[in-house]
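User: I've just opened my first protein structure and I'd like to find my way around. Can we go through it together?

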Amino acid sequence: MQNLTTAQRIRPSGDIVNFVDRIIKTAIDEGASDIHFQPNREGMIVRFRVDGILKIVSEVPPDIIQSINARIKIMAQLDTTGLPRPQEGNIKYMHKDRSVDMRVSIFPTSYGECIVLRILESVKQYENIEKLGLSKEQAVLIEETIKKPYGLVLVTGPTGSGKSTTLFTIISKLNEVGRSLMTLEDPIERKVDMVRQTQINPDIGLTFASGLRYLLRQDPDIIMVGEIRDKDTAQIAVEAAITGQLVFATIHTNNAAGAIIRLLNMDIEPFLIVSALRLVTAQRLARANCKHCLEEYKPAEELIRRVEAPEDMKFFHSTGCPKCLNKGITGRFGIHEVLPVTHQIEAAVFTNPTDDQITALAQKRGMKTLREVALEKARKGLITIEEVLRLTE
């Protein structure tokens, strides 16, 4: 077991309401993104994910597990009766005079129900696009693109890379009384005033594709699609972007150029892609070095070779101090690869290109790849070379 550094402050007690409250309040105060209530052979462990890393904060005896589960289900207005089954819900939690939204996921395992609470950031914290970790040049590209009345903007990256935060930052910036904004999500993560948000539900035939068809009859100006998963959704999103809507969506690819290849592989006609697509951004979340215990160091030559770092580059890491709770990490920030669809890239789309060919064209026009952006952050001492490799290999 890991060192229970927080466990002394979150000891299990017979007062279940108080115990769950202490867990949630401590998680919010420590900047956790997720709380895991995970059953095991001995009982249950409670873990926080902070800066992308899980740590145990409490161990729970078997006799109070059911009471804890029931308390969380009641808070999320979920079913507390019947056999264990997957459930999803939301909790709005008041803490220090602010409302914190949490997404609740319950899933049965061999030892019992595992519950994960995702703590969602307030949209108000992300009204400035540059705060996402973008460079000034990247932020300008995005801001110029979203001023256009129609077109398709894609955000790509692995799960947990901050795609939703990027999209909601953009939506927040565009959210004005004179515009009609609508979203299709799975699930709805953040509630935004004046934005009509819909959660898809395949059980009643409400998929991303069918929902998008219905949504277009609701007179939207701006549409956000949680994820493009199939050809039907891609086709409708592209056509909506051509016929007058500004459409934002996520899609799963490794880099920005890969999003274009993915659309081609979905059999979307090249002429539709070049007519609709305005910009693609790929992103990752980097673990930031603690500035209070930052020092220069010499990494292994093999690491330097693998990231293709310049010969004169200096490297930094944080050794751990009281300010960062001896982790060497203080928070996370985004690194981005922003690819505007230029005339050269539009022409290439008709030639059945590879993502490497599209990336090369974008680099000629000034685009910096995820690897190049990450190396710039490492040069400034913001992240380690190991983090560069983790994010971009």
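User: What is the mean pLDDT of the chain, and where is it below 50?
Analyst: pLDDT is the predictor's confidence in each residue, from 0 to 100. The chain has a mean of 92, and 95% of its residues reach 70 or more. Where pLDDT is low, the predicted coordinates should not be read in detail. The stretch below 50 has 17 contacts in the model beyond near neighbours in sequence, and it covers residues 1–8.

User: What radius of gyration does the chain have?
Analyst: Start with what to expect: a compact globule with 393 residues would come out near 21 Å. The chain's own value agrees with that, at 23 Å.

User: In what order do the 6 strands of the open sheet come?
Analyst: Look for the edges, the strands that pair on one side only: these are β3 (53–60) and β4 (87–95). The pairing in the sheet is antiparallel.

User: Which residue in β2 stands opposite Asp34?
Analyst: Strand β1 (residues 34–39) and strand β2 (residues 44–50) pair in the antiparallel sense over 6 bridges. Across from Asp34, the residue in β2 is Arg49.

User: Which helix packs on the sheet, and about what angle does its direction make with that of β4?
Analyst: Follow the contacts: the helix of residues 16–29 touches β1, β2, β3, β4, β5 (98–109) and β6 (112–119). That helix is α1, and its direction makes an angle with β4's of about 75 degrees.

User: Why is helix α5 largely enclosed by the rest of the structure?
Analyst: Buried means under 20% relative accessible area. In α5 (residues 208–215), the residues that count as buried include Phe208, Leu212 and Leu215. Their cover includes β8 (181–185), β10 (222–225) and α6 (231–242). So α5 is largely enclosed because its buried residues number 6 of the 8.

User: What share of the chain's residues count as buried?
Analyst: Now apply that cut-off of under 20% to the chain. Of its 393 residues, the share that counts as buried is 54%.

Terms used: Residues numbered from 1 in each chain as written. Predicted model: local features only at pLDDT ≥ 70, side-chain atom pairs only at ≥ 80, totals over all residues. Heavy atoms only, no water. Pairing = 2+ DSSP bridges. Helix = DSSP H or I, 4+ residues; strand = E, 2+ residues; numbered from the N terminus. Contact = heavy atoms within 4.5 Å. Axes fitted to C-alpha atoms, helices over the stretch in contact; angles between N-to-C directions. Rg over C-alpha atoms; globule rule 2.2 N^0.38 Å. Buried < 20%, exposed > 50% of the residue type's maximum accessible area, 1.4 Å probe, protein only.
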